[in-house]
Amino acid sequence: MDPIIITVAPVGAEVRRGDTPYIPLTPEEIAEECRRAWNEGASIAHIHARDRDGNPTQDPSVYREIIDLVKAKTDMIIQVSTGGAVGMTAKERVGPVSLRPEMATLTCGTVNFGDGIFTNPLGDIELFARAIRENGVVPEFEIFDAGMIENATKLGLRKLVDLPGHFNFVMGVPGGISGDPRNLTHLISLLPQDGSTWTVAGIGRHQLQLGALGVVLGGNVRVGFEDNIYYSRGVLAKSNAELVARIARIATELGRPVAKPGEARKVLRLKI
Ligand code: KMH
Ligand code: ZN
C-alpha cells in the first residue's frame, strides 16, 4: 500500500486562545508544534502566521521566522497559506510566496465561510497562480466545494499551473461541501485522471472520520488545530502531535506506512 502523507495545520486564522489554551501563536510555539507533529509522522507543515497580538498576519517577515525555526528543527515540507484570513486582500495574502517555500496553497474559488465570505474571484486565483509559478513554488489546490476542482483543471489547461497536481479537500466548513463521507468519493471521482494526488482535511468532528476514510481510500490526511481542536467529544487535544499520532496509528494498523518528508517530496513531485 502507498505510504500516507500527513499534513499538520497547527494554527489557522480562525481559532483563538479562548477556544483552546493549547493553540500555538508565536513563531517559536508554532515551530515547536511542527516539530512535535513531525516526530509523530507529519511531513508537511501547513503554515499560518500570527502577529504579536495573536491576530492572523500574512507578513512575510513573520513567516520567515516560523520557516527558519521549523527548518532548524525538522526536514518538513513547508507549505505557506495564501488563504490567510477572511477579509484580507489578495495582495496581502500572496506575501509569503515571495519566500519561495516548497509549497503554497491555492484556493480555487469563492465560498461562504461561516458568517463570512472567503473571496477568491478568478482574477485573484490567477494572481496567486502566477506568483506561485514565478517563485518556483508547488501549489496545493484547496477545494472547499466540488466546482473548485473544475477551476483548477481550467488553470492547468491555460498553463497557469502544472497538472497533475496535489489537491486538498477541505470538508465541513459551514458554507462549503459538507463532511458527509459520500462527498469524499464524489470529489475523488472529479479529479483529473492524470495521476493527481489528494489529501482530505475534515473540519471539527469530521476530522477523525474523514481522516480514517482517507486512509482507507488511499489518499493523504491533514489534521491539526486549524481544522479541529478536540481529541474526542468535549476533550481538547493538548498538542497537534496527539492528532497526528492518532492518524498515523490508524494508517499503520490499516497497512499504510507513514511517509517521511523525503518520500512525500517524491510523491508530490517537489524538487529534491
Ligand atoms: N483561513 C481560511 C479563510 C488556506 O490556508 O489556504 C482560508 C485557509 C485556506 O485557511
Ligand atoms: Zn489554512
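1. A polar contact is taken here as a pair of N or O atoms within 3.5 Å; within protein, one atom must be able to donate a hydrogen and the other to accept it, and residues adjacent in sequence count only if both atoms are side-chain atoms. The model is predicted, so local features need pLDDT of at least 70 and side-chain atom pairs count only at pLDDT 80 or more, while totals for chains, interfaces and linings use all residues. Side-chain values use heavy atoms, with hydrogens and water left out; residues are numbered from 1 along each chain as its sequence is written, and chains are lettered from A and ligands numbered from 1 in the order in which they are written.

2. Ligand 1. A polar side-chain atom of threonine 105 lies 2.7 Å from an oxygen atom of ligand 1. The side chain of glutamate 14 has an N or O atom 2.7 Å from a nitrogen atom of the ligand, and that of glutamate 226 has one 3.0 Å from a ligand oxygen atom. The protein buries 98% of the 300 Å² that ligand 1 exposes when taken alone (Shrake-Rupley accessible areas, 1.4 Å probe; for residues, only the protein chains shown count as cover).

3. Surroundings of the ligand. There are 13 residues around ligand 1, of which Glu14, Ser81, Gly84, Thr105 and Glu226 come nearest (a residue counts if one of its heavy atoms lies within 4 Å). Ligand 1 sits in the largest pocket. A pocket is an open set of points on a 1 Å grid over the protein atoms alone, where a 1.4 Å probe fits, with protein on both sides within 12 Å along at least five of seven lines; a molecule sits in one if more than half of its atoms lie within 2 Å of its grid points.

4. Threonine 82. This residue is in the loop between strand E5 (77-80) and helix H3 (90-94); helices (at least four residues) and strands (at least two) are DSSP runs numbered from the N terminus. Threonine 82 is buried at a relative accessible area of 0% (buried is under 20%, exposed over 50%, partly exposed in between; 1.4 Å probe, protein chains only). Its side chain reaches the backbone oxygen of threonine 105 at 2.5 Å. Beyond four places in sequence, threonine 82 touches Gln58, Arg93, Val97, Ala104, Thr105, Leu106 and Phe128, a contact being heavy atoms within 4.5 Å.

5. Serine 43. Strand E2 (residues 42-47) holds serine 43, which is buried at 0% relative accessibility. Its C-alpha atom is 6.1 Å from that of threonine 7, 36 residues apart along the chain. Neighbours within four places aside, its contacts include Ile5, Ile6, Met76, Ile77 and Pro261.

6. Threonine 74. The loop between helix H2 (60-73) and E5 contains threonine 74, buried at 10% relative accessibility. Its side chain reaches the backbone nitrogen of methionine 76 at 3.0 Å. Arg35 and Trp38 are touched by threonine 74, residues up to four places away not being counted.

7. Backbone points to check. The peptide bond from leucine 163 to proline 164 is cis, with omega near 5 degrees; proline 164 lies in the loop between helix H5 (147-157) and strand E10 (166-171). Lysine 159, in the loop between H5 and E10, is a non-glycine residue with a positive phi near 65 degrees and is exposed at 64%. Arginine 269, in the segment after helix H9 (261-267), has a positive phi near 60 degrees and is partly exposed at 38% relative accessibility.

Key
On a 1 Å grid over the protein atoms alone, a cavity is a set of points where a 1.4 Å probe fits but cannot get out, and a pocket is an open set with protein on both sides within 12 Å along at least five of seven lines; lining residues have an atom within 4 Å of a point.
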